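Welcome! Please take a moment with the sequence and the 3D view before reading on.

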Amino acid sequence: MPHMRRFMSSEPYTVPPSRMAEIGAAMDYYVRNSSPEVEKEWRVIESKPGLQTFQRTDPADPYGLPMLRHICTIENTTTEAVSLLVTLPDTRQLCFPRELYSHAITRLSQSAYTFYLRLAGFGWLVQARDVCGLTCIYRQSTENAITRIVQCSAKLPECPLDPNYVRATVTSAVWELEPVNDGKDVTISYFFKISLNGSMAISLSKYVVREQITNMGMLRDFVRDNGWAPYVVLLGETNGPQSRFGYLSFSMTNPHRELIFSIDRTVPDDVIPVRYDKRMYPNGVECLLSGTAAAQASITDDRAGSIHITLSHSARNQQLEVLVHAKPPPTQSSLHRRRRRGPRIAACRVGIRVIVVIKLEIDATPTQAPNRVLSGPQPCGDSGTSLLLSAKQNSNTSERRLRQHGSLPRRAVPQRRLLPRPIVPTFGHKELDSYGLYKYTLKDYGVMFTAGAICCTATHGAMTPIDVIKTTVQVNPKFKGMGILSGGRALVSAEGPSVLMTGFGPTAAGYLLQGGAKFAGYEFWKKQLVTYAGGSEAAIPHRTAIYLVGASIAEFFADILLTPLEAVRIRLVSERGYASSLSTGFVRMAKEGGLKQFYAGFIPILCKQIPYAVGQFTVNEWAHETVYKAMSKETQQNLSPAANGVITLGCGMTAGVAAAVLSHPADTLLSQINKGKGGSGSATSQLISMAKEVGFRGLWAGLGPRTVMTVGLVSGQFILYKYIKEALHAPPGVEIHKGE
């Protein structure tokens, strides 16, 4: 393992005196455990192209979480950009999804602050944690030079105490950012040691370690796919802007990718350089100013990724708030419209932390310019009054004159918003949660329930004839050993064609409820389990367990609805003349056995349906993953609707075979018990008794007909569910397929 660079006191870094002890201890821990003397004690636990992870046990904490070190190279970025990504809460949560909430408490200097952080737990197994600590950013005096970010826990009186969270201790967390390849790329070395301060299973401790590896990969992939957020070039404590500066927020969930930063004490003649990435802002950026220093500031943009905000000589001890957001792409209509820009007006509201920034534009169509509200203390005077300015253009006469002179087309195009309101990237109207997953509403789950109910009712209803043959082969000794064709011919010749639709009513009603609950429940529990795991990326190593547990829980609740109707259906099929319809069958069974008879097969039906659901959903997910991994990304993106349908059908057929094999022994026992066999006693004793009676070979009676039926059922359900959801405009489900 390449040893970590020792922190040299001769480098031009400064530490805030008020927190030197805590930060110094964290740095000493980092140096002590990264020296060449202990290099051999670090072992590689992960090695991928561009990402290596090392682990070492702390001799002082042999039973705690190990020390970790990640080495990752990010292309086409700078050390300042990466330091913003790993310190600003809004961007950290994009790459570290377990961080539920974080904010800076107190700014100690331009490069040091205290922070509070909340971490998600592990579902109901482990309580959530929180951290209260310090961050110091050490910069050199040249742009894109080595940067170190040191974080550690600290006792802060202003840190909130919440009994729902266990206070974790960050012993040392050190990011070392080094420019490589002539400053084009950045190599990240991340050293991390945390004590979770509570009992945890060893397996979960290992999961925490694996999750850190995933987070580093997410950080690298984020920059590769999106570019980096805008940042202010500070260049250490003395060589950067002298105005007191701080970030407020950055939004990646907003398509305009807005950065807001503030200056609460301006310095005359100061220059604030802002860099942005053309990958994230291909059309450039707009920079809007507000606050008392807005009139004393000017903006220059070289349109190549650099903005300079220059303060005038009179801008002393004033406030400035800066909003940077993406320019929208030019539209064809905007090329034909004449536009005259008016002055930018900045106003503030006295006594309340509100700034309103308005930019007036006179356009061809009448419109009202929206107000932009930014937060920050901005005193405007001592009058105690509130000034709130708005602008409105409404001139029908001017519009008619423009039309007469031909300056406007006959049909005016609506004006572009000056400051578009944030819109979350969604499917329709859906918002994303902190893990990047859709926030499903009750209406969404209702749509999923409807789609599942329709697809299961249609497929099970259509398969009623095959199900009648399968059940008859299982329970009638005269048909023992017959296949689907021979059994069907014998049954029709003995009782007529109408016998094939016996039990259609209970089948349709039962699977209407069961299908809706199963599909909607699987979507619900899969999302919950992915959230517990820390998001889609963090859930990838545990996706099989998520499929198994989600399908099992969903099927358990669905079977509570299905069991009574399934009991009536099997009795109608196995005993000809038992009842003439679903309602009469319910009445007779209730009189003869009551509720106990309805749920006599509940345990066997769980033994049947849970393996069925596990095979159906888990194998379907794995089949899709296998198919997509065999394709290039370009091929996946260019798949036609017909090709997608074929993939869904093929994966559903594979899942159908697995579901039939896994659930068939329990299905045989269930048919026998609902026929009245198995004797008395508990459901478990009945299962054991029936298994001994039918024998191993008897447990697999009717597997051929049932496999044919199940393949049709499962593939048909997935096809119908897919297209019904699309027709009803339901949001897509959670995807955690592993990539290449």
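The report below starts with the whole chain and then visits some strands and helices.

## How to read the model

This is a predicted model, in which local features need pLDDT of at least 70 and side-chain atom pairs count only at pLDDT 80 or more, while totals for chains, interfaces and linings use all residues. Residues are numbered from 1 along each chain as its sequence is written, and side-chain values use heavy atoms, with hydrogens and water left out.

## The chain as a whole

The chain has 740 residues, and 52% of them are buried. Here, buried means under 20% relative accessible area, exposed means over 50%, and partly exposed is in between, using a 1.4 Å probe and protein chains only. The secondary structure comes to 17 helices and 23 strands. These are DSSP runs numbered from the N terminus: helices are H or I with at least four residues, and strands are E with at least two.

Of the contacts between residues at least 6 apart in sequence, 71% join residues at least 24 apart. A contact means heavy atoms within 4.5 Å.

## Strands side by side

Strands of a sheet pair through backbone hydrogen bonds, either parallel or antiparallel. Two strands are counted as paired if DSSP finds at least two bridges between them. Take strand β3 (residues 67-74), where 7 of the 8 residues are buried. Strand β2 (residues 51-56) runs antiparallel to β3 and is joined to it by 6 bridges, with Q52 opposite I71. Strand β10 (residues 185-195) also pairs with β3 in the antiparallel sense, over 7 bridges; T73 has T187 in β10 as its bridge partner.

Elsewhere, 4 strands form an open antiparallel sheet in the order β11-β14-β17-β16. β11 (231-232) and β16 (297-301) stand at the edges with a single partner strand each, so one side of each has no neighbour in the sheet. Strands β14 (residues 271-275) and β17 (residues 306-311) are antiparallel partners over 5 bridges, and I272 has I309 in β17 as its bridge partner.

Not counting residues up to four places away in sequence, Q609 touches Y511, Q514, E555, D559 and L562. The side chains of Q609 and E555 are also joined by a polar contact of 3.4 Å. A polar contact is a pair of N or O atoms within 3.5 Å; within protein, one must be able to donate a hydrogen and the other to accept it, and residues adjacent in sequence count only if both atoms are side-chain atoms.

W525 sits in helix α9 (residues 504-533) and is partly exposed, at 24% relative accessibility. W525 and G550 are 25 residues apart in sequence, with their C-alpha atoms 5.0 Å apart in space. Leaving aside neighbours within four places in sequence, W525 is in contact with G550, I553, A554 and F557. Finally, look for F449 in helix α6 (residues 442-462), which is partly exposed with a relative accessible area of 32%.
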